[in-house]
Structure formats: structure tokens, C-alpha cells
Amino acid sequence: ARKILDRDHYGLDDVKDTILEFIAVGKLKGSVQGKIVCLAGPPGTGKTSIAKSVAEALGREFYRFSVGGLSNVSEIKGHRRTYIGAMPGKIIQSLKTTGTFNPVILIDEIDKLGYGHQGDPASALLEVLDPSQNSSFLDHYLDEPVDISKVLFMCTANELERIPGPLLDRMEVIRLSGYDFPEKVAIGEQYLVPKSMKENGLLVEKEEEATDENQSDNKGEEKVATPLANYVHAEHVPSTVGISRDAIESLVRWYAREAGVRNLSKYIDKITRKLALQVVAEDEGAELTKKSSRKSETWTVSDENLEEYVGKHIFTSDRLYDKDPLPDGIVMGLAYTSMGGSALYIETQGIKRGLDDNGKPRGGGTLHATGKLGDVMKESSQIAYTVARARLAEIDPGNTFFDVTDIHMHVPEGATPKDGPSAGIAMVTSMLSLALGKPIRNDLAMTGEVSLTGKVLPVGGIKEKIMGGRRAGIQCIILPSANRRDYDEIPDYLKEGLDVHFAEDYETVYDVALGNK
């Protein structure tokens with residue numbers, strides 16, 4: 001089972017361990033039993049595809065159906081036989097199709113269930129996904145109790161917040177955080193490149209059976225562009241056709257920065273299709289357009305000739321601001337979205353007001369926030385403004401910056417919706433940096449909710465945020481003290497080279513970001 005899971009997917013150890021535990025329990029009990037697992041994570045991280053590998057590892061039949069946008073309860077529970085065109089629900093159909101009572105059933109996109117006048121499918125799934133009730137599941141079409149307790153249910157979701165509480169309570173949730181740089185390079189090299197080259201006719205499988213696919217993954221073959229040794233180049237294809245490791249590294253760094261590997265896979269497909277065109281054109285002596293023809297001498301795609309195949313870099317730098325230190329009033333925060341973790345800048349600017357006819361200052365003391373912020377983030381900016389004013393009065397009692405200056409705070413990118421309280425300490429730091437005229441180093445990022453008295457409160461998605469920070473080249477991170485347990489659980493390779501500070505109140509954040517240290 002471990003060999004099958006490792007053959008098809010890189011990483012995802014939590015999912016693999018859960019399945020191996022499940023197999024071990026079945027072996028000890030001498031019987032098969034059901035389980036309900038929910039895989040939650042960003043798109044393109046292998047949630048749907050690993051379910052098929054799980055079925056193969058368990059030696060069970062596999063059935064998949066998607067409930068994204070489903071708003072009819074009858075799709076789950078079946079139609080009554082009195083209606084024309086009545087049919088059983090998806091659960092009974094899956095048992096009928098697979099011909100077994102213990103298949104692996106994948107319920108895809110469970111966080112995108114619809115709700116309509118024909119009932120609430122999320123409530124109908126409560127019976128299906130409850131281990132204590134599904135031994136006598138009643139389908140309206142059959143009208144007889146069916147035991148589905150031996151089925152292994154696997155559900156996939158991008159955002160757990162969108163799954164109703166009672167339904168989420170019935171599932172064992174395994175979070176997939178996405179992949180960082182070395183993992184994406186390994187996946188590209190060991191899985192995506194051979195798969196794409198095989199699908200586009202550049203590689204064929206060897207006729208003789210490979211002795212052990214895992215042994216041949218990447219040992220002693222670093223110079224070869226196709227690391228899986230059970231593939232050989234097809235007829236008429238030059239033996240040097242391939243994609244080198246430095247090309248995959250460039251693709252990950254400058255073209256495909258998302259948490260999953262779907263975009264990386266698209267770029268690799270684009271390269272292999274163009275290679276296939278060049279091979280066939282050269283074999284037949286056909287002429288190609290200037291854009292499609294091969295410009296370099298070699299058939300191997302490397303960092304030097306990558307732009308001929310995929311165009312110019314999508315990303316030109318790792319950060320919005322390369323200057324060190326950053327300009328006053330600019331701080332990097334860390335965000336967590338359904339697409340994974342990312343670095344997020346908070347920008348503040350002061351607007352000095354002139355005097356009116358009576359010699360009194362016009363305006364001053366107001367905050368204006370932009371950047372398509374949600375209600376929670378707007379409230380967070382008001383709290384941050386109050387905390388910043390209170391801290392400034394303690395640090396520099398004679399400073400009247402906030403009294404005579406209006407503050408405009410912006411969070412790029414303006415078209416992307418943002419919400420949540422976790423930028424609190426970054427907002428306070430940004431305002432104090434502007435008021436004190438102290439810049440912040442450009443490799444420092446922070447995340448944490450701030451209370452009105454300056455307490456730093458815990459936030460979610462620590463692993464994803466650290467991965468997002470690493471993608472942006474961050475060296476120093478400030479985290480809430482209560483998130484120390486989350487930090488301890490992340491793998492060691494993510495902690496390497498990071499200077500991490502844990503803050504219980506804003507005092508610590510100030511010392512690290514703006515103090516004299």
C-alpha cells in the first residue's frame with residue numbers, strides 16, 4: 001500500500017499515514033470497516049487524485065461524484081418511485097456501479113454544496129456521513145435500509161468554513177497545506193515531466209517490467225532529464241529531449257507560484273507539446289513559424305532557453321518592494337487564503353492638513369482604509385489605529401503626528417478581496433513606522449490579531465503563512481505566542497534559516513520591528 005501511495009504522490013504524509021492506520025486496523029480485526037475522511041487544502045494539491053490511489057492501495061473499487069452546486073436532496077437520497085424518471089441516489093448508484101458494499105467513494109467539492117427549494121443536500125449528507133447512522137441508510141427509491149457502514153468516504157474541500165458545522169463534525173479532517181519550492185521541483189521532476197512527456201508521445205513505457213519503481217525514482221540519475229527509469233524515448237525522438245532540473249526550478253520561481261502544482265503542470269505540458277511539434281517538423285522536414293521553431297542547438301530545455309517555450313517571466317521579483325529597509329509606513333504581513341499562504345504588504349501614508357482662517361488645523365486624526373477590505377479587516381484597522389495612538393503616547397509623548405495628520409492605509413492588490421483579523425500587528429507597526437519615521441527591514445514579516453489593549457492573539461494557517469513567507473524570501477517572522485504549538489508541528493525544513501519571534505503583547509513586536517535591536 002505504501003509503494004502504491006508513494007508511486008503516485010509526493011509528500012502528503014498525513015493522508016498516507018491515515019490510510020496505513022486504516023489498513024492496519026482492518027488487518028488486526030480481520031474485517032473491513034468504513035471511515036469518513038475530509039481532505040482540505042488549496043486547489044492543485046492532489047486531493048482528488050490521491051483518493052484513486054487510496055482505492056488501489058486498499059484493493060477496493062473507486063467511485064467519484066461531485067456535489068459542487070448540488071441543490072436537490074433527491075441526488076443523495078433518491079427519488080420516490082411514483083415519479084417518472086425516478087432513480088436511486090448517488091450513494092446507491094455507486095454501490096450498483098462498483099458491484100461491492102465497501103468501495104472508496106469520493107465526494108468532491110463538499111464545501112460548494114448548493115441550497116435550493118428542493119431541500120438542503122448538506123443536511124441529507126448528515127445521515128450518509130454519520131458512522132452511527134449509516135448502517136441503515138434509507139434510499140427513497142429502494143425504500144429498504146442499506147448498510148453503507150463499510151464504505152470509505154473521502155471528501156474534498158478548499159475552505160472548511162463553508163461546510164456546515166454538524167457536517168464537519170462527522171468527518172476526520174486532514175489539512176493539505178500546499179507545496180513549497182523544493183517539493184514542487186521534486187514533483188515536477190519525478191511526476192509531472194514524465195507524465196506530460198508520455199501523454200505527448202515523447203516517452204513510452206519500457207516493454208519489460210520495471211523491478212521497483214520507487215528505487216528508480218531519482219538515484220544516481222540527476223543528469224538525466226527523465227528521472228523515472230521505466231520510461232524510454234519514443235521512436236524518432238532524439239535521446240536528449242527533456243526538461244532539466246534548472247528549468248523546472250525557474251518555472252516554479254518565476255511562472256507558477258501558487259500553493260498547488262496545477263499551473264506548473266500546464267507550463268510543463270506547454271513545453272512538451274512544443275517539443276513534440278519540433279520533433280515531428282524536423283523528422284518530416286517541415287517549416288515552422290519563427291515563434292515555434294527551435295532556436296537553440298540542444299533538445300534539452302534548460303534555464304537558458306526556457307523563455308523560447310513559455311515566454312517571459314510572469315513574476316519579475318520575489319517582493320513588491322526590493323529596497324532595504326522599506327520606506328516608512330510599509331510592513332509585510334502574511335495572509336492565508338483558499339489558494340494557500342502569501343505575503344501581503346500594508347502601506348500607510350500621512351496627509352498633512354493646512355490651517356483654516358482661524359489658525360486651527362484642517363482635519364487630522366482620521367483614518368481612511370482601502371484595498372477591498374472585508375468588515376472584520378476594517379474593524380481591525382480601527383483597533384490598530386487606536387493601539388498605535390496609545391503606543392505613540394507612551395513612546396514619544398511630545399509627538400503630535402496623529403493629531404495633525406490624516407492617515408490613509410492601503411492593502412495591495414486592490415482588486416483582491418481581503419478579510420480577517422490577522423493583519424492587526426502589521427497595521428499597528430505600519431502606522432508607528434510612519435509616525436516615528438523609522439523604516440522596517442524588508443525581510444521581516446508578521447501575523448497576529450491585536451486587541452485594544454495591545455495583546456497579540458492567535459491566528460490560523462501558520463504553516464501556509466510560513467510557506468508563503470519563504471516564497472517571498474522572508475528571513476524573520478513574528479508570530480503570536482499562542483501559535484508556538486502550531487509552529488512546533490511544522491516540518492524542520494520549513495524552519496531552516498528563519499529567525500522566529502513569539503509575541504504575547506505588542507511590546508515584543510515593537511522591540512523586534514522598530515526597537516534599537
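I began with the second largest pocket, which has a volume of about 1,100 Å³. I am working from a predicted model. I counted 40 residues in the lining of this pocket. Asp 8, His 9, Ser 49, Tyr 191 and Lys 195 lie nearest its centre. I then asked which elements give two or more residues to the lining. They are helix 1 (2-8), helix 3 (47-58), helix 8 (181-199) and helix 10 (262-284). Helix 8 gives the largest share, eight residues. By type, I noted 17 charged, 13 polar and ten nonpolar residues in the lining.

Next entry: Asn 158. I found this residue in the loop between strand 6 (152-157) and helix 7 (165-169). Buried or exposed? Asn 158 has 18% relative accessibility, so I put it down as buried, the cut-off being under 20%. I looked up its side-chain contacts too. The side chain of Asn 158 makes a polar contact of 2.8 Å with the side chain of Lys 112. A polar atom of the Asn 158 side chain also lies 3.1 Å from the backbone oxygen of Gly 41.

I traced five strands in an open sheet, in the order 2-3-6-1-7, with parallel pairing. Strand 2 (62-66) and strand 7 (172-175) stand at the edges. Each has a single partner strand, so one side of each has no neighbour in the sheet. The twist from one strand to the next averages 20°. I also checked strand 3 (residues 104-108), which pairs with strand 6 in the parallel sense over four bridges. Leu 106 has Met 154 in strand 6 as its bridge partner.

Conventions
Residues are numbered from 1 along each chain as its sequence is written. This is a predicted model: local features need pLDDT of at least 70, side-chain atom pairs count only at pLDDT 80 or more; totals for chains, interfaces and linings use all residues. Side-chain values use heavy atoms; hydrogens and water are left out. On a 1 Å grid over the protein atoms alone, a cavity is a set of points where a 1.4 Å probe fits but cannot get out, and a pocket is an open set with protein on both sides within 12 Å along at least five of seven lines; lining residues have an atom within 4 Å of a point. Grid points are joined across faces, edges and corners, and a volume is the space filled by probe spheres set on the points. Ala, Val, Leu, Ile, Met, Phe, Trp, Tyr, Cys and Pro count as nonpolar, Asp, Glu, Lys and Arg as charged, and the others, Gly among them, as polar. Buried means under 20% relative accessible area, exposed over 50%, partly exposed in between (1.4 Å probe, protein chains only). A polar contact is a pair of N or O atoms within 3.5 Å; within protein, one must be able to donate a hydrogen and the other to accept it, and residues adjacent in sequence count only if both atoms are side-chain atoms. Two strands pair if DSSP finds at least two bridges between them. Axes are lines fitted to C-alpha atoms, for helices over the stretch in contact, and angles run from 0 to 180 degrees between N-to-C directions.
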